[in-house]
Amino acid sequence: MKDLIHSGIVHREQYNEVPPRVEYSLTESGKELVPLIESMVIWGQKNMTAGVKEQEK
């Protein structure tokens with residue numbers, strides 16, 4: 001997570017409360033990655049399904 005924060009993909013907001021609370025959110029740069037990640041998920045689902053069908057033969 002620290003790498004994502006350092007890279008500017010994720011924003012970390014710490015609240016000085018009791019008990020302590022921290023919230024994470026995507027930055028604008030992080031939001032730009034969402035379509036790419038969704039495409040990778042779709043690709044993985046298609047290819048993993050194809051691989052399972054081949055193994056069943």
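Which residue in E2 does Arg-12 stand opposite? Arg-12 stands opposite Tyr-24.

1. **Before you start.** This is a predicted model, in which local features need pLDDT of at least 70 and side-chain atom pairs count only at pLDDT 80 or more, while totals for chains, interfaces and linings use all residues. Residues are numbered from 1 along each chain as its sequence is written, and side-chain values use heavy atoms, with hydrogens and water left out.

2. **The overall plan.** You will find three helices and two strands in the chain, in the order α-β-β-α-α from the N terminus. Helices (H or I, at least four residues) and strands (E, at least two) are DSSP runs, numbered from the N terminus. Of the 57 residues, 5% count as buried; buried means under 20% relative accessible area, exposed over 50%, and partly exposed in between (1.4 Å probe, protein chains only).

3. **The hairpin.** Strands E1 (residues 10–15) and E2 (residues 21–26) run antiparallel and are joined by six bridges. Two strands pair if DSSP finds at least two bridges between them. Together E1 and E2 form a hairpin, with five residues between them.

4. **A look at Gln-14.** This residue is found in strand E1. Gln-14 counts as partly exposed because its relative accessibility is 47%. Leaving aside residues up to four places away in sequence, Gln-14 touches Arg-21 and Val-22, where a contact means heavy atoms within 4.5 Å. The C-alpha atoms of Gln-14 and Tyr-24 are 8.8 Å apart, and the two residues are 10 apart in sequence.

5. **Charged pairs.** Side chains of opposite charge can pair when their charged atoms come close. The structure holds three salt bridges, each a side-chain nitrogen of Lys or Arg within 4 Å of a carboxyl oxygen of Asp or Glu. Arg-21 takes part in a salt bridge with Glu-17, with 3.1 Å between the closest N and O atoms, and in another with Glu-23, at 2.5 Å. Arg-21 is partly exposed, at 33% relative accessibility; Glu-17 is partly exposed at 38%, and Glu-23 is partly exposed at 37%.

6. **A pair within a helix.** Glu-28 and Lys-31 meet in a salt bridge (3.6 Å, N to O). Both lie in helix H2 (residues 28–32), three residues apart, about one turn of the helix. Glu-28 counts as exposed because its relative accessibility is 58%, whereas Lys-31, at 45%, counts as partly exposed. Elsewhere, salt bridges that share partners join Glu-17, Arg-21 and Glu-23 into one network.
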